[in-house]
Amino acid sequence: MFFATLEGLRRFNIPHKFEFVSIISLYAKWLREGRLKVDPAWNKDGLKFTVQDPCKLVRQGLGDVVAEDLRYVIKKVAGEENFIDVWPRMSNNYCCGGGGGSLQAGFVENRRKYGKLKFDQLSATGADVVITPCHNCHTQVIDICDFYGGKWKTTHLWNWLEKALVIDDSGVQAGKD
Amino acid sequence: MNETERKQGEWEPKIIAFLCNWCSYAGADLAGVSRYQYPPSLRIVRVPCSGRVSANMILDALRSGADGVLVSGCHPGDCHYISGNYYARRRFAILKRFLEFVGIESDRVNFSWISASEGEQFAQVATEVTERVKRLGPARHLVKEF
Amino acid sequence: MSTMNEKITEELRQKARQLLESGRVAAFLGYASGSVPMVMRPFVARTPEDADRLEWNSFCVLNLANYLPALLKSFEPPRRPNEPPPQGPLPKVGVVATGCWSRNMVVQIQENQVERERLVIIGISSRGMVDRKKVQALIAHRDVTAVKEGDNTLVVAGPGFEEEINRWDVVRDNCKSCVHPDPVIFDDMIGELKGERDLPDRFSQVEEIEALSAQERWKWFTSEIQSCIRCYACRNACPLCYCPTCFVDDSRPQWVGKSIDSVDTAIFHILRAYHCAGRCTDCGSCESACPMGIRMRILTKKLQKDVLQLYGIEAGMSVQEPLPLTTYKKDDPQDFILTESLKGEKK
Amino acid sequence: MTTPRGSVLVVGGGIAGVQAALDLADSGFYVHLVERSSAIGGSMSQLDKTFPTNDCSACILSPKLVECGRHLNINLLTLSEILSLSGEPGSFKVKIRQNPRYVDVEKCIACGSCAEKCPKKVPDEFDLGLDTRKAIYLRYPQAVPLKYAIDPEHCIYLKKPGRCGFCEKVCPAGAINFKDTPKEYELEVGSVILALGFRPYSPESLDFTGYKRLKNVVTSMEFERVLSPSGPCMGHMERPSDHQEPKRIAWLQCIGSRDINRACHGYCSSICCMQAIKQAVISREHSASGDVDATIFYMDMRTYGKGFEAYYERAKAEGIRFKRARVHTVCPATGDNLRVRYADEEGKIREDEFDLVVLSVGLETDPQVMRLLHDMGIEVDADSFAETTCFRPVETSKKGIYVCGALAEPKDIPQSVVEASAAALEAERLLHVSRWTETKKKEFPPERDVHAEPPRIGVFVCSCGINIASVVDVQAVTDYAWTLPGVVFAQNNLFTCSQDTINQMAETIKKERLNRVVVASCTPRTHEALFQETLREAGINKYLFEMANIRDQDSWVHQHDPEAATQKAKDLVRMAVAKVRGDEPLPYNSVPVTKSALVIGAGIAGMTAALSLADQGFPVTLIERKDRLGGHGRKFFRTWQGQQVQPYLDELVQMVEANDKINVRVKTTIEEVSGSVGQFKTKLSDGTELEHGVAIVAVGAESYKPREGKWNYLYGKNPNVHTLLELDQRFIEDDQGLSGLNQAVFIHCVGSRVPERPYCSRVCCTHAIDQALHLKDLNPDMDIFMIYRDIRTYGKREHLYQKARAKGIIFIRYDLENLPRVSEDSGGLKLEVRDPIVGADITLHPDLLVLASAVRPRDDVGELSKLFKCAMTSEGFLLEAHMKLRPVDFATDGVYLAGLCHYPKPVEETISQAKAAASRAGLVLSRDAVPAESITAQVNLQKCTGCSVCTQVCAYHAVNMDPNTGKAVVDTGLCKGCGACVAGCRSDAITLKNIGNEQLMAAVEAAMEDF
Amino acid sequence: MQEKNIDLERIRAAVKQKIEEAVPEAKINYCLTCGLCASGCPATGLEDMDPRKFLRLLVLGQDEQILETNWIYACTMCQRCKYACPMGIDVGRIVYEIRGMRPREERPRNLQRSCDLQRQNNSTGIPNEDFVWVVNDVLEEVRENEPQWKDLTAPIDKKGATYYLNQNAKEPTVEPEEMVPLWKILHVAGIDWTYSSEWWDGANYCLFTGDPEDWEYTVRKQAEVVDSLGCRYYINTE
């Protein structure tokens, strides 16, 4: 849980030497730097992508910056034209309903009613793939998709990023740090 | 229809327009400033207020040979002189119905509210009134031959 | 047994006599018989004895309000312009009034032409006055030498004939369509107040013309006024026409020519009627006075209808209520305003 | 202070600045009016209509702007900014930079050829970027000065000299000056008035509003432009995405106001509720189909001003939907529509779709203005508004520098105008000894008597460069003019309004002994005064003049029909000649002024007004019907800012009594008033007769006491039920008993906003909340409940509301269908009210129940209004001449109003208004005579029947019946020359000088000759 | 729904007071009851509650109702309400505090258990050895089956690695193949990274139970591990 650590470090004033970062920001950074190269050519069928902005990462975490990074990466990976944004989006996006421990808390009916808004929002995009960078979101979005009869596939970002990776002739660029 | 399409020699009506100084005359100016084109049929007489215009004046215009009359003032509530257009509205409402009653065609005598910022509306009204009068043809009923 | 009118005449004389005797009024304005049958003339009783010459019948058609301003003025001491009006009360005048005349008096009061304090009004609820021209038409325009009036009949006699006519058949159009027979202001009444009449079709004459096309209306209007000789009897009989210089006589500005040119005649009738807008009480004097039988009353009736419909006002119903053209409401109807109706058309 | 300067610097050319400038310039001070943009007019010029009268904003504003632009004693500095300010009250030094316009204002004729040819399109800031303008532009069609300007940021030539330059090539007047440079001025002024206005809050950072993200989400200011006939859609209501007319429109309130989270604006912007209602009403008028479904989403509906509540009620009755709910997020729906989801008051979720969403954005101070204030050393408050106090509402932290309008707090137009006059008053008070020392006066030669002369008419036909001449055959028109009867001179000029032609015209008038002049050129609305002045310079009366509008109403509107346009020009000239033939010389009327004032009512308003005039040396008679001074203010504990009222009032009374220019008469009322502006005669109840030039009515109002009926709430029956003022009395007396209370409850709107008193009393929300806070201070453990309908703590008063909530004061909303129920319960009070949020009845047990009861007009105001021929509202308050732009004037000249008799208002607004009234009165008192209209009605006694139609239709009480003659008589001091009487007169007995029936007939008949 | 009548002789909003003491910036009192929160909240209407009503009950001292309602578990503390609230009131934070007021035994069992397990090491309770085993096993499989990835690494406890990567416990326990794409990405990007064999779980449910001690303890443990490895960056996989 990105926020648990981010906010925990801050709220309890926990001493630490490291810098706490999100993998999403790093993907974007590495793509921009050319450290990672991707080609959306794999998506010749024009699979449409949309995204779930995790509350803990975006609204409560790093804000629109990371939401922009997320979109940047998806567009790079799936092709600019294959990304359909949701509304509301980024910092103002709806919570999927799986957050706050509700996947564990057991009030399944409430959780699904809550998730109906997310379901409608995602359905409205008509996307084939919903990227859910957060594990809670991932589980909840799969659940509401099943429960309400959605047609999309819910996945993490890394699967597609891997798929689109362009590996240079020079091979793996290990140990450059 | 705009006047560039006007055929050579086609009949152009003569319309007297009594415009209040504060709103409609200013609206007519704005039509010019904005270059809205309208038929050259109007002859504008500037009056301080639509409340200055009497039934006698409207009849006089018809008697002098006008094919149509337009009286235009400020919108209700906007009168520069507080209430002139309200009195005018009653006078004109009664007069218009009465003239129609004795057989003066409804479209001969027209009234409008046009504000100082309604240049386009002025051009529209001028065009509309001209077209209406054109459809009626030249006025004959109250034209006094001198 | 005496007829209703005879009883009214008796009571009227008695009341007029009392007013004159007591000195409460300097004169009493009513009617007396003229030399011609079916024509009553306005009569001013100045002594108690004069009162016995007063009469009341179905031919009292000329609006007495028309004579009041001059009669009142005759009792004021002469004074130069700008001289203050005399102090203290001026002599009063008694007058008999039905519904429409009293309403005319209300308008006169509103327009400062008479003062209410100087009038002693004897009210009579009107049963409708008779249109002499209708009677003549019914008897084929034969000479009439005598008319005897019953409550519901008229017995018309002339050389070699005597015919009984149903009175209501010859009542004037304005009276037939009148909804306010009762006087609205009075100091004393003869008889009872009748109350308003419910006449849904009171404007039917107007409506018939409204239903015509513009062309037909123009035809009607011009044919109606074509016989006009510009004698101004209509104007002179009207209590509302009191301008010292009528627009028809004015040359600065000259709104209308003085000839009997058809345009000038039309403009005369339009403006004459329009000047009565919101003021006319449909007393019918104009029409009764017209020597040519022009039915110009329909013009004022039209105005009356519109004023009522648009503003809910009828002339002379109340001294307090302003005349319709000297007041306004912010939300008065304005469908006739082109810019408003264009909005509406788009709807 | 040595002798102060007689001039004032006004910064900001919006309505407030313009009003202040006009007040000052008309009462003897020279004004420098500095405006940042290329034209004055400010935000008001961008509005479509104004509430609550739905007046067209441009229509009512334009005449003021034109007056300002032409004023001999106003130096208009557009495109200018303040560089520095130093000195002290009475003598400030100001450095100003005027940026180049690149257009010579002396030469520009505003024909627009330049803009037509300019190839560079840029977003039009006047239309808030909804449309484009050219790099050479006129700020808006009615701009003053009506001169084009080049935008150096975008001009191709200025960026790269040698390229473009089209404007210079096409300008017929040679007005383009690419070499124009910035100019710096150093001015010396006695005082400074800041009227820098506001800027609309930009909701761009509020992503959830969808602004700048969804095409059909616009701000309220943008929507004004959409509605405006001169805006980007020419008044056709269109939405941005597809230019279709929106059928369903939502307004979201409090965007950037009452928001300490995202917008950081804790204050209420005061105007947005009414603006939204107005826009909803107007949108229906603009709609072709008229069936716009208009919905306003709001927190509290703040219709607290005069006529506002009625406007709100009418809007409701007309079917505008008011939703007490806030939309969290605006979402896109199909077809560029917008979907909103909201919880109603019960917490039920609803969804609606709209075609357009309008964000009612708040007002804030421009950061650029903040910098200027900082540089000048003017203190600002936490909301970035200029700091003022309740007792000194237009004074900044720096002496001699005053503030008015939205710079001090968000406010509407009338309140800005009031403050503008009040600020002007403070400058006048400071500088009064130097009145008329720096002003200019125009001198004219004596006028030739032309009465006996036959008409000798001169006609000047203008080519206006090519503006007229390219369409109209001006030579043919000139030749034709020669043939008209009475015309003895005709001439064609390239620019008739150019200085050399004007001089030549004056010479021609003298040489040709012309006694009537016709100019055939542009519109009299902008140029008549200029030519009339030329006539005066040439020694003939200025009313012997007519114009034929052959440009705006001919060549410009018949550009493709030269033949018809030429014919029309001839007709127009013929009509003007026919009319001018009948023109008579008219006197330049004026009325001598009795230089003293009568102030009626010695409350805060009356005393403030009296002192404001007396301090300028004008004698004042101050009358009070009661036996002591102070009025309603005697009952107040403190202002909402916390200043104690009683000590202030005592000081005010002392100052009034000590001022030898003020004659105080207590237990005195008015019996009779006659005369008019400059020369009133008033009979007082003590028998004395007073002559005075002006009168200020400040008779106050009363507090409603709900002794019985629906709003009684046991008032007068239970000793623990008070009105606000009764509680104030206990505060004033420092009643110790109050701190022992456990529970206090306030009921709002007692007798306000109810059928019998359908207006909002404006002050009670703030007053009640301030009292609640005071009780909390006395006993922090006291539970306090406010039972309210809408909280209307407008402007900065919102902070009090926030503070009250923060302190735990609980607000429970009620409405007329669910009134609180008060009863007695075993000796104590019991109050039951339903809380709409939790949906439960709440029972309270107050030790103290306070009723925020209405402010109501005094019953005897009607008589006073009749004496001064002033109008009243249906609620019984006095009615000003114009709700927007003449808020302290009566329609009757020379009579002004201030304080509660106008409408309920707090102390600070009362003081502003009193000072404004004094400023307006000063316009009269500062001169020996006041000008009166020359074109007035005239009665022909021979024709007059005395029927009184004329007196009834006259809005100015200028026509009356002479009791001696029984005929109409015109008071030329009051007559405004509208002619309503003329058209109403059946007898042609009343006419308008130079606009008589005969003259108009002559023009009409001339139009028909030879058509 | 018509609630029972509320008699307020004296307001005793003890819960509210407690929250205000714990969270001075809570600003519960500031609520304008405008309902903007409720409009934007997906949990509005669940348990017949919404954020505005919740605040209102707090303000009116209806503590019993506040402590009883399970709406505190319908609310996901997502802070979308706070995002747009004109007063910036943080309902999520308030809900957190109230969750914490529930006795541990009355809290939703699974949620509390996840946190309790987390306190021990990871939210699923699998032994650390299992995690290490799964990582190595999956890595081995990829290297064998996909020749082009024969050099792929998944370091654990590599001291001085630039990046420390946590791993949500879901993957090693339920869908281990989901770990591979990220390894590949990191490999291609040439990142020097490592897992830790303890406190490796990226999830943390102690954030949701309402007990700050648990939360603090778990985060502190994580931080200690990362610092002990000497990594410059701590990457969360989300």
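1. Which residue of E4(E) is the bridge partner of Val21(A)? It is Ile235(E). Please keep in mind throughout that this is a predicted model. The next residue I would look at is Ser22(A), whose bridge partner in E4(E) is Asn236(E). Both pairs belong to the link between E1(A) and strand E4 (residues 233-236) of chain E, where four bridges join the two strands in parallel.

2. Contacts between chains A and E involve 59 residues of chain A and 55 residues of chain E. On the chain A side, the elements that give two or more residues are helix H1 (2-11), strand E1 (19-22), helix H2 (23-33), helix H3 (58-62), helix H5 (102-105), helix H6 (108-125) and helix H8 (157-164). Which of them gives the most? That is H1(A), with six residues. Sorted by class, the chain A side holds 31 nonpolar, 20 polar and eight charged residues.

3. By contrast, chain A and chain B have no contact, and their closest C-alpha atoms lie 40 Å apart. Chain B and chain E are likewise not joined by any contact, with their closest C-alpha atoms 36 Å apart.

4. Chain B does meet chain C. This contact takes 35 residues from chain B and 33 residues from chain C. On the chain C side, the elements that give two or more residues are helix H6 (204-210), helix H7 (214-225), helix H9 (262-275), helix H11 (297-311) and helix H12 (338-346). H9(C) provides the largest share, six residues. The classes on this side of chain C are 23 nonpolar, four polar and six charged residues.

5. Within chain A, how do H6(A) and helix H7 (residues 135-148) pack? Their axes are 10 Å apart and the angle is about 90 degrees, so H6(A) and H7(A) are roughly perpendicular to each other. From H6(A), the contact uses Arg112(A), Gly115(A), Lys116(A), Lys118(A) and Phe119(A), while H7(A) brings Gln140(A), Val141(A), Ile144(A), Phe147(A) and Tyr148(A). By class, these residues are five nonpolar, two polar and three charged.

6. Chain A also has an open sheet of three strands, in the order E2-E3-E4 and with parallel pairing. Strand E2 (49-51) and strand E4 (153-155) of chain A each have a single partner strand, so one side of each is left without a neighbour in the sheet. On average, and with direction ignored, neighbouring strands here are turned by 30 degrees against each other. Strand E3 (residues 129-131) of chain A pairs with E4(A) in the parallel sense over three bridges. Val130(A) has Thr154(A) as its bridge partner in E4(A).

7. My last point concerns strand E4 (residues 119-124) of chain C. Is this strand mostly covered or mostly exposed? It is mostly covered, as five of its six residues are buried. Five bridges pair E4(C) with strand E3 (residues 93-97) of chain C in the parallel sense, and Gly94(C) stands opposite Val120(C) in E4(C). From E3(C) the chain crosses through helix H3 (residues 99-110) of chain C to E4(C), in a right-handed β-α-β crossover. E4(C) is also joined to strand E8 (residues 188-190) of chain C by three bridges, and these two strands run parallel. There, Ile124(C) has Ile190(C) in E8(C) as its bridge partner.

Terms used
Residues are numbered from 1 along each chain as its sequence is written. Chains are lettered from A and ligands numbered from 1 in the order in which they are written. This is a predicted model: local features need pLDDT of at least 70, side-chain atom pairs count only at pLDDT 80 or more; totals for chains, interfaces and linings use all residues. Two residues are in contact if their C-beta atoms, placed from the backbone, lie within 7 Å. Ala, Val, Leu, Ile, Met, Phe, Trp, Tyr, Cys and Pro count as nonpolar, Asp, Glu, Lys and Arg as charged, and the others, Gly among them, as polar. Two strands pair if DSSP finds at least two bridges between them. Axes are lines fitted to C-alpha atoms, for helices over the stretch in contact, and angles run from 0 to 180 degrees between N-to-C directions. Angles under 35 degrees count as roughly parallel, over 145 as roughly antiparallel, 65 to 115 as roughly perpendicular and the rest as oblique. A residue is buried if 20 or more other C-beta atoms lie within 10 Å of its own, exposed if 12 or fewer, and partly exposed in between; C-beta atoms are placed from the backbone. A crossover is right-handed if, with the strands pointing away from the viewer, the path from the first strand over the helix to the second runs clockwise.
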